[in-house]
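Let us read some features of a model together, taking the general idea and then the case at hand.

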Amino acid sequence: MTNQSQRETGYVYSDALLRYRFHNKHPFNQMRVKLTTELLLSTGFLSKSQIIKPRQATIDEIAMVHKYDYIQAVMRGEKNLLAPDEQQKYGLDDEDTHVFSRIHRSTATIIGGGLNLVDAIMEGRFRNGCHLGGGLHHAHEGRASGFCVYNDAAIYIKYLNEKYHQRVMYIDTDAHHGDGVQWTFYTSDQVMNYSIHETGKFLFPGSGHYTERGTDQGFGYSINVPLEPYTEHDSFLDVFKKTLHQVAESFQPDFIVSVNGSDIHYLDPLTHMSCDLNTLYEIPYIITEIAEKYCDGKQIMLGGGGYNIWRVVPRAWSHIYLSLIDQPRLHGRLPEDWLNKWRHYSPVPIPEYWEEQFQDYEPIPRRAEITQQNNQVAENILSWF
């Protein structure tokens, strides 16, 4: 069943990616990557010949973005050699983001998978690719933050800048602002940083106001689109399309790196957005359209947030990959073999259809007001171009 466009898309996966795990009850659970990968294999649209195995990134590769003292601290944390005051200094001491047994090696493996994918695309072995285990966009140069130890997305962008002289457009549609990537490139004119997210007024990390536009050479190269809580499908896509097309047109990127969190979904336990699967299905196709128009298709799509791992993530993330192989969205029942395997493990009834069923969806009473506020943000941004 492998078609031409499938053969042109790389897919990073290995069970080693599942070792990035803080503890068994932590909301960041990479089982969602395994669930999505097996779902795609069951559909026949992903073949094993497309899978790129990750490797461990080197310390020097990680140090393209992170400080050596921080990398050394993470490595010492892996051996239980990090004192409590050092854990605090490096952001590794709280319930969200803390030391665990393979903390350095597992994160280095995520990064190595993405670097292998970038090389495969730049060397012409694939046109584009997908790395759902990546997207750790909150980590800063010298400290961990928001479930993220090293910032793999920022490392891929720096690698593309330095090794391949690519001007990169970064697109972040996670519900949380991509702060770690933004601050890494805040003074650079080689990276166009675009993040559309739930406003930081009520949600971690609290940044991402539309007035954060970059400094020095980077002024005008950070575009933030903060949306009101409870934003729904129509308003999200309207604002997204208007602003993204304008930003891409002005920047003319060589390569696109995107973080595609599925936590804007109304069933996500950690956010306050009211989008649905239809929104999440459409987003990657819009990004792919931009990559085809400006970058000859060259892009990598990463995972990111998404904490409803049974009812939302596998179906949403499958369409990230499907957009890359130019396969229209899927309809009807999910593959029976996948349902039969995973329904025994799921603590909730697994959805059986690709279509959104709107279970537990509550209509938003302030819809018109929310839409108007979002439109105002979009107009403010468009006025700069």
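Q: Is R366 buried, partly exposed or exposed, and what is its relative accessible area?

A: Buried means under 20% relative accessible area, exposed over 50%, and partly exposed in between (1.4 Å probe, protein chains only). R366 is partly exposed, because its relative accessible area is 36%. This is a predicted model, in which local features need pLDDT of at least 70 and side-chain atom pairs count only at pLDDT 80 or more, while totals for chains, interfaces and linings use all residues. Residues are numbered from 1 along each chain as its sequence is written, and side-chain values use heavy atoms, with hydrogens and water left out.

Q: With which residue does R366 meet in a salt bridge?

A: A salt bridge is a side-chain nitrogen of Lys or Arg within 4 Å of a carboxyl oxygen of Asp or Glu. The side chain of R366 meets that of E369 in this way, at 3.5 Å from N to O, and E369 is partly exposed at 40% relative accessibility.

Q: How many salt bridges does the structure hold?

A: The structure holds 22 salt bridges. Among them, R127 pairs with D296 at 3.9 Å, N to O; these two residues are 169 residues apart and link distant parts of the chain. D296 counts as exposed at 58% relative accessibility, whereas R127 is partly exposed at 26%. R125 and E123 form another such pair, with their closest N and O atoms 2.7 Å apart, and D15, K34, E38 and K341 are linked in a network of salt bridges.

Key:
Helix = DSSP H or I, 4+ residues; strand = E, 2+ residues; numbered from the N terminus.
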